[in-house]
Amino acid sequence: MTDSNDRSASVFVHPTADVEDGARVGDGTKVWHLAHIRSSAQVGAGCVIGRNVYVDAGVTVGDRVKIQNNVSVYQGVTIEDEVFVGPCAVFTNDFRPRAQNPDWTITPTLVRRGASIGANATLVCGIEVGEYAMIAAGSVVTKDVKPYQLVAGNPARPKGWVDEKGEVVSRDVDNPPHQG
């Protein structure tokens, strides 16, 4: 991993992108048009950071993550390895947002390895998305999502179970199939 002042030749940053001093970007990562990676953010190796993506200060993004266009990843969000974040997905970090709140605190969100978040999904802060879980496009996730669980809707509700490739393996929402 290299910092913004000492990028290796294997990191591509589009000329319109802004990678602030102190940000760390891993080898093989591509940062595309108008993306903005704040100081103290860490983006792993082999990632794709799409057009107009914002990665806030203090955010950690794992290796081989794809964050599609127009996504903002705010402080308090941690994304583990091999996660897919679809276009226009939304992360929040404040349960009671107000323009002026001196008592504001960040509420963290954790997205585990291999999870997929569909286009235009909204993740309300304070949740954990389990490994290889799948969130359908347009869903509003207000509660934790179990590993390998498929959720959809507003609010997002269990719809079944997927495997590591994202194939639906069961529609029995109460009984996950054996993984392994």
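Arg64, Asp81, Glu82 and Arg113 are joined in a network of salt bridges. The model is a predicted one. Side chains of opposite charge can pair when their charged atoms come close. In this protein, seven salt bridges are counted.

One of these bridges joins the side chains of Glu82 and Arg64, with 2.9 Å from N to O. Glu82 sits in the loop between strand S13 (77-79) and strand S14 (84-85), and Arg64 sits in the loop between strand S10 (60-61) and strand S11 (66-67), so the pair ties together parts that are 18 residues apart in sequence. Neither site is assigned to the buried class. Glu82 has a relative accessible area of 29% and is partly exposed.

The bridge links distant parts of the chain, 32 residues apart. Arg112 is in the loop between strand S16 (109-111) and strand S17 (116-117), and Glu80 is in the loop between S13 and S14. Arg112 is partly exposed, with 28% relative accessibility. Glu80 is also partly exposed, and its relative accessible area is 25%.

Charge also gathers elsewhere on the surface. Lys143, Arg157, Lys159 and Arg171 form a patch of positive charge there. Lys143, one of the four, belongs to the loop between strand S21 (140-141) and strand S22 (149-152). Its relative accessible area is 63%, so Lys143 is exposed. The cut-off for that class is over 50%.

The overall fold was examined next. The protein has zero helices and 24 strands. Its radius of gyration is 16 Å, close to the 16 Å that the globule rule gives for 180 residues, so the protein is as compact as a globular protein of that length. Along the principal axes, the C-alpha atoms fill a box of roughly 50 × 40 × 20 Å. Of the 180 residues, 39% are buried.

Val65 is an example of a buried residue, because its relative accessibility is 0% and buried means under 20%. Val65 is found in the loop between S10 and S11. Val65 and Pro155 are 90 residues apart in sequence. In space, their C-alpha atoms are 26 Å apart.

Pro155 brings in a feature of the backbone. The peptide bond from Asn154 to Pro155 is cis, and its omega is near 0 degrees. Pro155 is placed in the loop between S22 and strand S23 (157-162).

Two residues have a positive phi without being glycine. For Ser40, phi is near 70 degrees. Ser40 is located in the loop between strand S6 (36-37) and strand S7 (42-43). With 43% relative accessibility, Ser40 counts as partly exposed. For Cys88, phi is about 65 degrees, again a positive value in a residue that is not a glycine. Cys88 is located in the loop between S14 and strand S15 (90-91). Cys88 is partly exposed, and its relative accessible area is 30%.

Note on methods
Residues numbered from 1 in each chain as written. Predicted model: local features only at pLDDT ≥ 70, side-chain atom pairs only at ≥ 80, totals over all residues. Heavy atoms only, no water. Patch = residues over 30% accessible without salt bridge, like charges linked within 9 Å, V, L, I, M, F, W, Y side chains within 5 Å. Areas by Shrake-Rupley, 256 points an atom, 1.4 Å probe, with all protein chains shown as cover. Lys, Arg positive; Asp, Glu negative; His and termini not counted. Charge placed at Lys NZ, Arg CZ, Asp CG, Glu CD. Helix = DSSP H or I, 4+ residues; strand = E, 2+ residues; numbered from the N terminus. Buried < 20%, exposed > 50% of the residue type's maximum accessible area, 1.4 Å probe, protein only. Rg over C-alpha atoms; globule rule 2.2 N^0.38 Å.
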